[in-house]
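Welcome! Please take a look at the sequence and the structure below, and then we can walk through them together.

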Amino acid sequence: MQNLKIVIAGGTGFIGRELASFFGANNQVVILSRSLPSAANNGFSSFKANDDGYKNVRLVKWNPAIQGDWIREIDGCSLVINLAGKSVNCRYNKSNKQEIFDSRTVTTEAIGEAIRKATIPPKLWINAASATIYRHATDRAQDEFTGEYHNDFSVQVCKRWEGTFFNQRTPFTRKVALRMAITLGSGGVMVPYLNLCRFGLGGRQGSGQQMFSWVHIQDVCRVIEFMWAKNELEGVFNVSAPNPVANTHFMGALRKATGHTFGLPAYEWMLKAGAFFLGTEPELVLKSRWVLPAKLLQQGFVFKYPMLEDAFAEIVPTFKRTQYHLF
Ligand SMILES: NC(=O)c1ccc[n+]([C@@H]2O[C@H](COP(=O)([O-])OP(=O)(O)OC[C@H]3O[C@@H](n4cnc5c(N)ncnc54)[C@H](OP(=O)(O)O)[C@@H]3O)[C@@H](O)[C@H]2O)c1
């Protein structure tokens, strides 16, 4: 992909920064953010100085509740990627739950409306979605054809998010929802996991038997390129490496990659108590996410990182120790 204008809503976060760096080398990237560079979005501009990939990246302020000047960025662009959404790494109290829903539906509706207003609508609209839409699965893998959905909170969020996306009428714009698994790269969940290892707590979590579906961030970028190239593809796609592992395997591979010879396990009660004090939910580590990318494989997509050990070998050295001092 080159010489395209790509708009990334919610692109100041972990995945957005990686996409901006990946696509920014050969394309013009506009990131829609609720605030211009500041401590609030981790000073996005500081990344520009150190990385050539950000030289073609512009930050534009948007308020998804208002069809303001930002909609001009969508008119005439080639591709819109929407990543906006309040992090699910919080306590699921009433107000957080509402914000988790609204931050996804309102932004998705706003982009749909901006596309409808565009004189030259984008060719492709990719919306983030999540592989956590599938039920807690300990018996068999879930894919786009036979996967099952239960009705817990995170599944409801995913359903409503996708529902809002596919309800948007954009007759000239192809739509793809990427049900991403836990994405591994130089940020995101790797930070707390590396910290656990560092403090000798890199053992299994809960029973350790729950499945961990993951994907390397570079494969997320490559899936987007693939979607752009394959004009006929639309609908939902699981974006998860073809070799998910059990939690116990995940933690063992991480200890090996980081050179830690042992790691204490975290029992379920410890995770529940710890999650409360850290302001998060134990479900984030205890849910068994067993997902396969059936449609991507059927379409001939080849993962650069199909095996966890290779993903860690690429990712772990990108962290300087100072980057994961959380405590
Ligand atoms: N990381 C993963 O493993 C993973 C896996 C599956 C799905 N996803 C989904 O993919 C998307 C991107 O993930 P990420 O890890 O990059 O998330 P992230 O780091 O939390 O970034 C999300 C971005 O959304 C914007 N945002 C936050 N709260 C918002 C609100 N109330 N209203 C509008 N925008 C808001 C923020 O941008 P500004 O503050 O600049 O506006 C933020 O930078 C998320 O929707 C996430 O749920 C992530």
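Which residues come nearest to the ligand? Of the 22 residues around the ligand, the nearest are Thr12, Ile15, Ser33, Arg34 and Arg104; a residue is near a molecule if one of its heavy atoms lies within 4 Å of it.

## About the model

This is a predicted model, in which local features need pLDDT of at least 70 and side-chain atom pairs count only at pLDDT 80 or more, while totals for chains, interfaces and linings use all residues. Residues are numbered from 1 along each chain as its sequence is written, and side-chain values use heavy atoms, with hydrogens and water left out.

## Around the ligand

Let us start with the shell around the ligand. Its residues divide into 10 nonpolar, 8 polar and 4 charged. Here Ala, Val, Leu, Ile, Met, Phe, Trp, Tyr, Cys and Pro count as nonpolar, Asp, Glu, Lys and Arg as charged, and the others, Gly among them, as polar. At least two shell residues come from each of helix H1 (14-24), helix H4 (94-117), strand E5 (124-130) and strand E7 (182-185). H4 supplies the largest share, with 4 residues. Helices (H or I, at least four residues) and strands (E, at least two) are DSSP runs, numbered from the N terminus.

A backbone N or O atom of Thr183 is 2.8 Å from an oxygen atom of the ligand. For a polar backbone atom of Phe14 the distance to a ligand oxygen atom is 3.0 Å, and for one of Gly85 it is 3.2 Å. On its own the ligand has 880 Å² of accessible area, and the protein covers 82% of it (Shrake-Rupley method, 1.4 Å probe).

Now find strand E4, residues 79-82. Leu79 and Ile81 point one way from E4, Val80 and Asn82 point the other way, and all are buried (under 20% relative accessible area, 1.4 Å probe, protein chains only).

E4 pairs in the parallel sense with strand E1 (residues 5-9) over 4 bridges; pairing takes at least two bridges found by DSSP. In this pair, Ile6 stands opposite Leu79. E4 and E5 also run parallel, joined by 4 bridges, and there Leu79 stands opposite Leu124. From E4 the chain crosses through H4 to E5 in a right-handed β-α-β crossover (with the strands pointing away from the viewer, the path from the first strand over the helix to the second runs clockwise).

## A glycine in helix H1

Where does Gly24 sit? Gly24 has its place in helix H1, and it counts as buried because its relative accessibility is 0%. Gly24 and Lys55 are 31 residues apart in sequence, and their C-alpha atoms are 6.9 Å apart in space.

Notes. A polar contact is a pair of N or O atoms within 3.5 Å; within protein, one must be able to donate a hydrogen and the other to accept it, and residues adjacent in sequence count only if both atoms are side-chain atoms. Buried means under 20% relative accessible area, exposed over 50%, partly exposed in between (1.4 Å probe, protein chains only).
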